Amino acid sequence: MLRNRQALIPYLLLVAALAGGVLWHESEKVPGLGRVVSTGRADIGGPFQLTDQSGKRVTDKDFRGRYMLIYFGYSFCPDVCPTTLAVMAQALEKVGDRSRRVAPILITIDPERDTPKVLEDYVKAFGPTFVGLTGNAAEIKEVEKKYRVYAVKKPLEGGNYGMDHSSVIYLMGPDGKLVSFYDEAISPDDLAKELKQRL
Ligand code: NI
């Protein structure tokens, strides 16, 4: 993610939307709140059809029975994406054997440059179980929308570009539904603790 003040505004809005959704969900469990005004959980996530780093077409259903730890980013990201993916890798290592129940997944927000081959080289740096998913522009837009991801291309000097993007780690359950989400700033220890509680 490229940090600048403008980029922070939609990011904060996203965090507020995510937090609002989850708080709303949590409130159902709070006794004494009175009438239950809603059922169901925050509407984040849903079906997707993408291509993995080996070129194979995959859907969300291929991960049923396992947790998905999903991060939206891109391989050309100079800072936040690799740092966050490394946190995921370290957390899974700390979880130990039970981490086999978790599929760590990078979904690219930059499908133009993140071909399966590029993702193959990139994700293996984080561990053998990491999955890199890409797709055509429409497929990526659709999955971004479902996960309320903010991602916008920003031209850089020299004709290149970076991506401004939200940076959230999503934990989806074995049923494919949202369990929780974490800020990019979470430590490997805290993420490991979160995962251990839920696996
Ligand atoms: Ni990034």
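User: Start with Glu 194. What's its relative accessibility?
Analyst: This is a predicted model. In it, Glu 194 comes out at 24% relative accessibility, so it counts as partly exposed.

User: Which side chain does Glu 194 meet in a salt bridge?
Analyst: That of Arg 198, at 2.3 Å, N to O. Arg 198 is partly exposed too, with a relative accessible area of 31%.

User: Where do Arg 198 and Glu 194 lie?
Analyst: Both are in helix α5, residues 188-198. They sit four residues apart, about one turn of the helix.

User: How many salt bridges in the whole structure?
Analyst: The search finds 12. One of them joins the side chains of Glu 112 and Lys 153, at 2.7 Å, N to O.

User: Which parts does that pair tie together?
Analyst: Glu 112 is in the loop between β4 and α3, and Lys 153 is in strand β6, so the pair links parts 41 residues apart in sequence.

User: Is Glu 112 buried or exposed?
Analyst: Exposed, with a relative accessible area of 56%. Lys 153 is partly exposed, at 42%.

User: What about Lys 117?
Analyst: Its side chain meets that of Asp 121 in a salt bridge, 3.3 Å from N to O. Asp 121 is partly exposed, at 40% relative accessibility.

User: Which residues are linked with Lys 117 in a network?
Analyst: Glu 120, Asp 121 and Lys 124.

User: Switching to α4. Which residues are buried there?
Analyst: In α4, residues 137-146, the buried ones are Glu 139, Ile 140, Val 143 and Glu 144. They cover an arc of only 135° around the axis, which puts them on the same side of the helix.

User: And which are exposed on the other side?
Analyst: Ala 137, Ala 138, Lys 141 and Lys 145.

User: What covers the buried residues?
Analyst: The cover includes β1 (49-52), β2 (57-59), β3 (67-73), β4 (102-108), β5 (131-134) and β6 (151-155). Strand β6 has come up already: Lys 153 lies in it.

User: What happens at the start of α4?
Analyst: A side-chain oxygen of Asn 136 reaches to within 3.1 Å of the backbone nitrogen of Ala 138.

User: And just after α4?
Analyst: Arg 148 takes a positive phi there, about 55°.

Key. Residues numbered from 1 in each chain as written. Predicted model: local features only at pLDDT ≥ 70, side-chain atom pairs only at ≥ 80, totals over all residues. Heavy atoms only, no water. Buried < 20%, exposed > 50% of the residue type's maximum accessible area, 1.4 Å probe, protein only. Helix = DSSP H or I, 4+ residues; strand = E, 2+ residues; numbered from the N terminus. Arc of directions from axis to C-beta. Contact = heavy atoms within 4.5 Å. Polar contact = N/O pair within 3.5 Å; in protein donor to acceptor, adjacent residues only side chain to side chain. Salt bridge = Lys/Arg side-chain N within 4 Å of Asp/Glu carboxyl O.
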